[in-house]
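Please read them beside the sequence and the model.

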Amino acid sequence: MALYSSVIRDRFRRPRFHGMLERPDVTGEDVNPLCGDRVRIQARLADGRLTEARWSGDCCAISAAAADVLLELMAGQPAALARELTPASLLERLDADIRPSRMKCVALPLTVLQGALDGQEVAR
Amino acid sequence: MNMGDKTRRDFPILSRVVNGYPLAYLDSAASSQKPAQVIEAIQRYYETHHANVHRSIHTLGEEATELYESARDSVRAFIGARHREEIVFTRGTTEAINLVAQVIGRTLEPGDEIIVTEMEHHSNLIPWQMACRDHGAVIRAVPVLGDGYLDLDAYRRLLSARTKVVALAHVSNVLGTINPVAMMAEQAHQVGALVLADGAQSVPHLPLDVASLGVDFFAFSGHKMLGPTGIGVLYGRREVLGGLEPAWGGGEMIKEVWIDHAQWNDLPWRFEPGTPPIAGAVGLHAAIEYLGKLGMSQVSAHEQSLTAAAMEALARIPGVTLYGPRNPEMKGAVVAFNVEGIHPHDGAALLDQRGIAVRAGHHCAQPLMKRLGIAGTLRASFSVYSVAEDVARLADAVASLRSEL
C-alpha cells in the first residue's frame, strides 16, 4: 500500500467538499502542532443532521484528503455519528499506509468537526 | 577525491538502504550522523574507563575525570576560547541558553529590554520570553529583510541603555544567513549589553574563534557536529561568567556546604551540578578530533560547494522558491525551499520514498515563517559526508514532486 494512495491523490487534486459556507450553523478550526497546518470545517444542520458541510485551510495532502472523506461520510448523517468516527474510520476510506508521525494529519479534521458539533469552537 | 567521498566510509549509517534506495541523508542541520571514531570512543569509554567524575578516588574515577576534563580542553582549543574555565558542559544548545537566560533573568528589572532577531530558533527565543515574563522586561526583535539578512539599521536603533542582552543566531537554521556577530556584539557592548550567540548551526560548519567574535556567551550542541546527543557547550567569557550566580543547585557545583547555606565552586564546575554527560564529552572530544583532522576551512569549503550546487539545481526547477541569501559564501550549509502546490510534509514524505532524508516544517522558527508568510519549508542540509550525488538525487526527485501528488 502506498503512502499517497490513489484516494489521497485524487481527493487532494479534486476535493468534493472544499470551500466555505455563507451561513454555517457551526464552525470549527484547529492547528496541527506538528506543522502549523490549519483546518476549518463549517456545517449546516437540520433536525440534528449535517445537511451541508465544507472544509478549508492550509494543509497537507493527507489532512486535505482526510477532511474530504470525512465530510463525505457525514453527508446527511446525524451529527452524533461524528462522535463515533475514529481516525481508523478515515484510514479505511483513504486506503493508505499512514505512518504514526502523520496520524495527526488524519485526525485533525475529525477533532475539528467533533469540536464544532459540540457547540464550542475549538481553540485557535 | 573530494571530502564527502573520503569520509563516507567512516559513517556506518550511510550504508543503510531506505525504502529500497541508498540513504541520501540531507538533514544534518537537525542532527548529523556519527563517524565510527566517535561511536568507538564512547564504547571504549564505557568498556574500560567509566566511573563518576571528580569524586571517585580510585583508578577508574581518575581516568574518567581525566577524559572528561581533557574533552573540555579540546573544546576550548576548537572554538578559540582563552581559558578552560570558560567551557561549561550542558546537555545541548537549548540547555545552555536556558542557563544564561535564567541567571541573567534574575538581574532584569521592569523596562529592561532583550533584543533577539526574527530568525531565532525557538530555543533562543522562548527562554528569553520566560525571563522577560518573570521580571517585567520586554523583547525586541531585529527584523529580517527580504533577502534573508538582518536589518542592521533597525538593530542600531533598537540598542539603548535599556538593552541588557542581545541574543542572536550566528547562523540561521532556516535561511543559513551568517550574521555579522562580531560587529553586532561590538555595538551591543557600547550600550553595556551582554551578547549571546547561538552557535548550533555555525560550530559544525565554520572555522571559529569565539574570542575574536567578542561575544559574552556562545552555545552549541555536540550532536550537530558529529558528536553524540546529550552533550552541549556553553562558552562564557571568564569576566562575565565569574560574576554570575549558579543556575541550578546540586552536587559538584559547591565548595563547602552547611545546612542553611553553601559556598559555590570555581568555574566552570559552578554551572555543572550533578553527574555530567561524561560519555557525551568523550564522544564530543572524538568528534572534535575528527573535524580537526579534516580542517574546518576545508569542511566549510566542501559544504559551501554543495550548498551552491543545490541552490543552482533547485532554482532551475519550475515552481521552486528558495529562501535566504543566494550567495553561498554568506550562508551556512542549509538550503530552504518550497515547491508550489506541495505542502512541505508531503514533499518530505515523497522524497523519503526515494531514500532522501530532508527536514520539513517550521524548523522551530515560527516567527520567521510568519515573516516569510509561509507555514513551513523543505530544508536540505549538508555535512562533511555529503556528496554531489546527494544533491543530484535531491534535484531529480524535487523536479518530479508535482507529478507524484
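1. Glu256(B) has Gln263(B) in E12(B) as its bridge partner. The strands concerned, E11 (residues 254–257) and E12 (residues 262–264) of chain B, pair in the antiparallel sense over 3 bridges. Pairing here requires at least two bridges found by DSSP between two strands. Helices (H or I, at least four residues) and strands (E, at least two) are DSSP runs, numbered from the N terminus. A hairpin of 4 residues connects E11(B) to E12(B).

2. This is a predicted model, in which local features need pLDDT of at least 70 and side-chain atom pairs count only at pLDDT 80 or more, while totals for chains, interfaces and linings use all residues. Residues are numbered from 1 along each chain as its sequence is written, and chains are lettered from A and ligands numbered from 1 in the order in which they are written.

3. Chain B also has an open sheet of 4 strands, in the order E13-E14-E17-E16 with antiparallel pairing. E13 (320–323) and E16 (359–361) of chain B are at the edges with a single partner strand each, so one side of each has no neighbour in the sheet.

4. The contact takes 11 residues from chain B and 11 residues from chain A, two residues being in contact if their C-beta atoms, placed from the backbone, lie within 7 Å. Helix H12 (residues 344–352) of chain B gives the most to the chain B side, with 3 residues.
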